[in-house]
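Hi everyone, thanks for coming. Let me walk you through a structure that may be new to you. Please have a look at it first.

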Amino acid sequence: MNPIARAIAARATQALLTAWVLATLCFAFVHALPGDTALRIAAARVGEDRVTAETADRIRREEGLDRPLVAQYGDWIARLAVADLGRSLVSRRTVTDELAYHGRFTLGLGALGWLLSYAIALPIGVLAGFRPGGWADRLTTAVSVGIASLPSFLVGIGLISIFALTLRWLPPAGFRTGAHMVLPAITLALGLAAYSVRIIRNSVVEVRAAFYMTFARIKGLGARQAFRSHGLRNAAIPVATFAALQFAYVVDGFVVIETLFNYPGLGELLVKALLARDVPIIMGAGLMIGLLYAAANLIADLVCLTLDPRRAARAAA
Amino acid sequence: MTAPSDTLFQPRVRRYPSASLTLVGAMIALAAFGPLVVATDPNAQDLLRVLEPASWAHPLGTDHLGRDVLARVVHGAPRSLGIALLCVLAASGIGVALGLAAAYGTRLTDAVIMRLSDLMLAFPGILLALLLSGFLGGGIVPMLIGIKLTLWPQFARMTRAVAIGVLQEPHVEAAELAGFPKPVILARHVLPPVLRQTMTLTTLGLGSAVMSISALGFLGLGLQPPTPEWGAMINELLPYLAEAPAQMAAPCIAIFLSVLGFTLAGQAFADETVRSESAP
């Protein structure tokens, strides 16, 4: 079998498995909680203090909570398969509508932050890699270790206090205009760049020490020209691999960043739903984030296989 | 075990091992003895003196409920660092045990354990802890389980790799021929190199656990107010960022210094491991 097709098949199976485990976990969490599920749903719908035994009984019948667990589980998986996730207990809109609405914002922020991180990391990493141990290299390392030691919300709070509260250049939070996307995107980008700048720097250092670069210099090319025509493409392989992998790490970052900036993406939806105990939304957003992560991993695998034929050969072996 | 030969790939940075250990030591001392030294009640409110700047009575000022920020940061240290330690110890215990089982057991055991760890790595890190905290209510236990579950696969993988390498060495073969029982061989010959190698992961794991705990606290899904926990403090102070930047800075710096200390110490351990293995 073609290694690329094999990789797709393996990742797709894993994505399905991940989705199934997440779905099962959500089901188990909801039903394993102490107390009566119907009473909790009733409390979420009409308020803690107005729940009566009748409301709970009605919900028990409506939601099919009086049927055996196995039947309920089968029903839950069957409805998932046709993307029927029910309605939010708070907004009463369907979960799929909510996911589609908030998903757009998350994809936009993720893509912008990811692109921005490479706009920051590429020039700095190459500069640092050209003089290993020089002042630019040492400064880059110190700053990147420092940023990597800050949780993303601290980076965000720092940016808010500088650019929104002190300089008043940008809005601190919310979402109405494109300017609202700048600070969250920079926060995400700085967190990603703190790691990728090291990879870029190392791969530049490694390529510049290779024999073919020495040969290019002997041939009479200048340092810059030798790097442009012989080094760049070789240095790009590990960097592109890492860049694709980082697209998956974006998923980790946006939950906290969106909540900090009150940005209406999937992460903010999930956290609000968790605080409000809005179970259908929690399940839907959890599943969606898990699937996004699996999809990003699949893309990363494909990029690696296309860029580095040696890897494909190993995968086939 | 062979040391990574491509030293070029390692960033050649001086990592100040003594400085990082001093930093870690200082944070541990803060967690262990700080609450005894700073006797002020971290939850005592004084609504007449809210958001006050630094003074002799309140060296780091007061928060929006008039509570002493210094006391809250100091009393938060054993919580943030203690829970991180519990998470990482539990994760490394599970990971090392499963890794040894995978290396030493049948092929089926190996396959099951490795697929399980693949599956865990296929989850975005924070999601599991979020869902658990959300469903079970904020508190220590869901956080412990969630963070532990995301950390153990790394330990299992490294343990398995190290153990498989050690099991092929002549002295282990000699011990087997001499008739030592499996548990003795594991404890005497396999466990020590495994623990040396996983020391780096443990230290780096502490840093990432401190980050996850504070992130959960910040999202309002970790330890619940009025518990003085750094992430939760930041969440509570966020609306007053403009009026009280100094009060906000205190827990931020505490998180930063802890994570920085663990990260640098982890890199120092990694350097030490590479150096001791490349030595003849």
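Before we start, one term: a salt bridge here is a side-chain nitrogen of Lys or Arg within 4 Å of a carboxyl oxygen of Asp or Glu. Please also keep in mind that this is a predicted model.

With that in hand, how many salt bridges are counted between chain B and chain A? The count is zero.

H4(B) gives the most, with 10 residues. By type, the residues on this side of chain B are 33 nonpolar, seven polar and three charged.

Now for the contact as a whole. Chain A puts in 45 residues and chain B puts in 43. About 3,900 Å² is buried between the two chains, and carbon and sulfur atoms give 80% of that area.

Finally, let's zoom in on one residue of helix H7 of chain B, namely B:Thr203. Is B:Thr203 buried or exposed? B:Thr203 counts as buried, because its relative accessibility is 7%, and the cut-off for buried is under 20%. Setting aside neighbours within four places in sequence, B:Thr203 is in contact with B:Phe262, B:Ala265, B:Gly266 and B:Phe269.

Technical notes:
Residues numbered from 1 in each chain as written. Chains lettered and ligands numbered in written order. Predicted model: local features only at pLDDT ≥ 70, side-chain atom pairs only at ≥ 80, totals over all residues. Heavy atoms only, no water. Contact = heavy atoms within 4.5 Å. Buried area = accessible area lost by both parts, 1.4 Å probe. Helix = DSSP H or I, 4+ residues; strand = E, 2+ residues; numbered from the N terminus. Nonpolar A, V, L, I, M, F, W, Y, C, P; charged D, E, K, R; others polar. Buried < 20%, exposed > 50% of the residue type's maximum accessible area, 1.4 Å probe, protein only.
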